[in-house]
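These are my notebook entries on a structure that I looked up.

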2 protein chains.
Amino acid sequence: MTAHDLRISPRTVQQQIVEKLRAAITDGFFAPGDRLIEAELCDMLGVSRPSIREALRSLEAERLIVIIPNRGPQIPVLTADHAAEIYQVRALLEGEAACIAAKRATTDDLKQMRASLAAFGRAIRTADMPGKIASTAAFYGHIMRLCGNRIMQETLSTLLARINFLRAQSMSQPGRAKHSLQEMKAIYQAVATKNGAAARSAAVKHVEHAHLSAIAAFELLNAKQAPRSRPRTGGSSAAAAANRRPVAATNFESASPATAAPGQARRRR
Amino acid sequence: MTAHDLRISPRTVQQQIVEKLRAAITDGFFAPGDRLIEAELCDMLGVSRPSIREALRSLEAERLIVIIPNRGPQIPVLTADHAAEIYQVRALLEGEAACIAAKRATTDDLKQMRASLAAFGRAIRTADMPGKIASTAAFYGHIMRLCGNRIMQETLSTLLARINFLRAQSMSQPGRAKHSLQEMKAIYQAVATKNGAAARSAAVKHVEHAHLSAIAAFELLNAKQAPRSRPRTGGSSAAAAANRRPVAATNFESASPATAAPGQARRRR
DNA sequence: ATTGACAGATTGTCAGACAAACTGGTATCC
DNA sequence: GGATACCAGTTTGTCTGACAATCTGTCAAT
């Protein structure tokens, strides 16, 4: 019997828009460089422009979009440099969290963490991408909860949102998931033995490996996307468009019953 | 002859509202618990409600305000726990930044940092609060620039905005500024000798002391604000209102020429 | 080839409107 | 007397419609 949260929080239209758009961005439904036209979003989501604009301001503050005055919102292109900086901060925060968690973990916590790792292993064997995501999230959720610093958690999750696109890309590379599991097991071991320093370094190492994997994904992406020539007008249409959607699962449908992404979002320029 | 940035970036009304409101919040013009009524903000700033609402969404995402559905925006009350978490993350980030900066500082950087410290000392002697703020900001600006991680800088500055209120409070306590100068000199020394580990621990220590000072400010504030009885309707008016504005300098005036904060923002409840 | 002008598209901002939700107080009932 | 129910005022959430300012791409002219 788990605890139930009986509070009902009224979800406003604006909040729902933010959630849908955020999911669409982190899933890669919108590609880096895409412009988001307000009118098109209105049609897609079936809501009015003021609501859309408020939602866009939220996403702008989260750095999930960039709004250029008189130009409108667009998906930022994440450079390798920028990604490196995010991974650096992530390593710092997750390392600290793991260190603190190691000192506080109870046997029950350890049991739950083992369960998450087992689930991750299962998801890898069955090539279950949603399962992979859920179980790793659960594992890190435990650590963050043990760490007990909500600010840290919040900071980290906004950073993760910005590189989610890359993470999915690299996690779907052949050997990466198995490697990742090993690294997470190392973190678990350190936590189980209450060795804070070891937990920190294991967590840092995990993030650094993830960073390397992301760099590889970057190069793969660039190789595909820019095959030596850079067409000035929307050239390699169908194939390139397919490449732009790395994780195909994008449950991004209109809130109103009569529309289904009529005009695709434009790329930059 | 310094480099000139010739780009002109159009400042939209919405951006100006965000900046003004952000300043008003971090300066303490609005007190924790105050509700911000949209209509009143419109009058104060002389702009329309949609613009205000967009700005409020930005500030919400920055965590400078909380918007409760059907209740509207209000200034969050920062609990001691929450502040502690922020100081914890701040220590982590500034420690890392100092460590990296120590390894990269050139003699020219050191010279500029000395200048900032000297300016801080001068500001303390002349009890020049804006000077104190500017010089400490310059000192930390150097470190962050040396560190070179813009994400870290951005993360840190949003965190600092949330505790700015407390910082001003504690920095205006009698001995604190002088103490602070000593700690910053310690950081400088470590950086000058390129001792990364020492720089980190000096920076962490500095933040921890700032945290202790903030806790003291907290208790002082609570003692003043809740003198045993809690009047249900706006009771102790003038004196309490004065207490709610720790740093009196709040250049928060209306953008339209004919208003000057007509009805004061309401407190919570 | 560069410049200039023009039409179309898109954003920035406002005014006005109305339903829904919350607040606080008063009247009512036990 | 105290608890409950109702009610009016306030405030937010959302939409519609509108218009000026700005940007983009095209096409003609030099």
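**Entry on DNA strand D**

I sorted the residues of the surface near DNA strand D by class and noted seven nonpolar, seven polar and five charged. In this sorting, Ala, Val, Leu, Ile, Met, Phe, Trp, Tyr, Cys and Pro are nonpolar, Asp, Glu, Lys and Arg are charged, and the others, Gly among them, are polar.

This is a predicted model, in which local features need pLDDT of at least 70 and side-chain atom pairs count only at pLDDT 80 or more, while totals for chains, interfaces and linings use all residues. Residues are numbered from 1 along each chain as its sequence is written, and chains are lettered from A and ligands numbered from 1 in the order in which they are written.

I found 19 residues around DNA strand D (near: the C-beta atom, placed from the backbone, lies within 6 Å). The closest are T12(A), V13(A), S48(A), S51(A) and G72(B). Which helix supplies the largest share of this surface? I noted α3(A), with three residues (helices are DSSP runs of H or I, at least four residues, numbered from the N terminus).

**Entry on chains A and B**

I laid chain A on chain B by a turn of 180 degrees and a shift of 0.0 Å along the axis, with an RMSD of 0.0 Å (least squares on C-alpha atoms of residues with pLDDT of at least 70 in both copies). This is the relation of a two-fold axis. Of the contact residues of chain A, 100% recur in chain B (contact: C-beta atoms, placed from the backbone, within 7 Å).

The contact takes 24 residues from chain A and 24 residues from chain B. On the side of chain A that touches chain B, α3(A) gives the most, seven residues.

Technical notes:
Helices (H or I, at least four residues) and strands (E, at least two) are DSSP runs, numbered from the N terminus. Two residues are in contact if their C-beta atoms, placed from the backbone, lie within 7 Å.
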